[in-house]
Structures are given as structure tokens and as C-alpha cells.
Amino acid sequence: MKKLILPNMFKHKNCEDLIRVGSNNDGGYLISVSDLNKTDALLSFGLDVDYNFEKMFSDNSDVPIYAYDASTNFASFIKKSLSEFFHLNFLKSINLILKYFKFKNFFKGKKKFIQTFVGLDNNTNFISFDEIIYNKNYKNYFIKMDIEGGEYRILDSLIKHQDKICGTVIEFHDIDLHLEKIDRFVSNFNLNIVHVHINNWTIIGKKDLPLTVEVTFSKNAKINNNIVHYPNELDQPNAPHLEDFVVSFNE
């Protein structure tokens, strides 16, 4: 495995109570059980056609779920299905069509899917994070965010509402362009980093800096001073045909 170096702002103490939630490989994240148990509602930003994180979270904690993604619809499932069909993966193609109907069946009652993006307040295809929080009345949110660069529009609002957040996992994209924003966020966000994972689809930038990194923040995790080893035994490579990375930190 190749070793890649992350900026020291990502360095953290060892978390004792991590579990993996979501799909195998891409779409699965490590979060703290303590945060999961404290959660009153899950906010999920970015689905595409994969809602396994939301399903597994619900299996472990039966809380309201609000999932947002304007790009998720029947056409997106059809497009993925046709791609698998033309690659002669006929079973995957059929399963993607069936998955759409399972998706529709999952998001009902207190599990709600909202077909809009998150991060702006002046666009009909978007809703602001502030509006989501102001329109709901929960004390402890867990937030999952994989919105392809849109996360940087929301970081200030996460800090603003951090007293209502018990945990979050954020996939940071193009981090070489946004290191100052990320550093400012980590410094002002009261939750602790408890896990990092390099998306192995990523481009490697200058000085072996990976450009896409998944980061888990926690308010309630069980933390000790043991040495953190990467990859974690629960980690899986996002791309199963490629090696995962060993993480080290700048001193």
C-alpha cells in the first residue's frame, strides 16, 4: 500500500467505538456508535443511487431521516442500469431497476427524500442548511455529506449550528484548493476528528497530497491516547480493484 501524507490538521486521537455504516467500498463510512445512539435525526446530503448508509443507519437507530439530492430520480437509476447493461453486467442492470422501487419504498413516513440540492438560498434547485435547521426541531443531528465540492458552501453554517450536531461525516473534495477553509473549519468546529479515509479514486496532488478525503467528526465518541493505525480494519477501498492507502500526517 502506498503511504500518503495528510496535513496535520487531520491528525487525531484513537476512537474506540467506530462502526462501518453504508455500502461496501464506495458509500460506506466509519462513525461513532455513541453518536449514532445520541442522534435524534439524520440529515443526508448526496445520494445518487446509493441509500445504503441511510438504510443501515435506520436499522441501528430508528430516527427520522431527511435525504437531499436533486440529481436522484428514476432517470438516474435507468442511466446506471443501462451502463451496466452495455458492460454486459445484466444482473446488476436489473437490480438497479429493482433498487429504484426499493428506494421509493424506503423513503416514506418519517424517512423523507427531498429532491433538491443543499447549500444555496437563492436558487430554486437548492435549499440552505440554515433553512433546514430552522424548519426542524431536533436537538442532535447526524449529518452525512458527499456533495462533490458543495460542502464548502455549508461549513460556516455547520459551525453556526454545531451545538445541534452530534456527529458528521464529510467527503472533502479538491482539498489542495481549500486547505485554508478546511483548517479554519476544523479549528472552529467543536466536534473531534475521529477518523479519516482517503478515497482511492482520488487524484494525487503535489507532495503526495490526496485530493479527496472522508473525515468523521464526533461529539460523543470514546477516545483514548492509543496510536491510530491506517487504514482502519473496518476501512474498505472505495474502488475495490485498487489498493487502499496508508495514511500519515505532517509533523
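**Ground rules.** I am working from a predicted model, in which local features need pLDDT of at least 70, side-chain atom pairs count only at pLDDT 80 or more, and totals for chains, interfaces and linings use all residues. Residues are numbered from 1 along each chain as its sequence is written, and side-chain values use heavy atoms, with hydrogens and water left out.

**Helix H7.** I took helices (H or I, at least four residues) and strands (E, at least two) as DSSP runs, numbered from the N terminus. Which residues of H7 are buried? In H7, residues 179-188, I found Ile 182, Phe 185 and Val 186. Buried means under 20% relative accessible area, exposed over 50%, and partly exposed in between (1.4 Å probe, protein chains only). The three cover an arc of only 95° around the axis, so they sit on the same side of H7. The arc is that of the directions from the helix axis to the C-beta atoms. Glu 180 and Ser 187 are exposed on the other side of H7. The cover over the buried residues includes helix H6 (155-160) and strands E11 (165-173), E12 (192-198) and E13 (212-218), with contact meaning heavy atoms within 4.5 Å.

**Helix H2.** In H2, residues 52-60, I listed Phe 53, Glu 54, Phe 57 and Ser 58 as buried. They line one face of the helix, because they fall within an arc of 130° seen down the axis of H2.

**Cysteines.** I searched the whole structure and found zero disulfides (pairs of cysteine sulfur atoms within 2.5 Å). Cys 15 is buried at a relative accessible area of 9%, and Cys 166 is buried at 0%.
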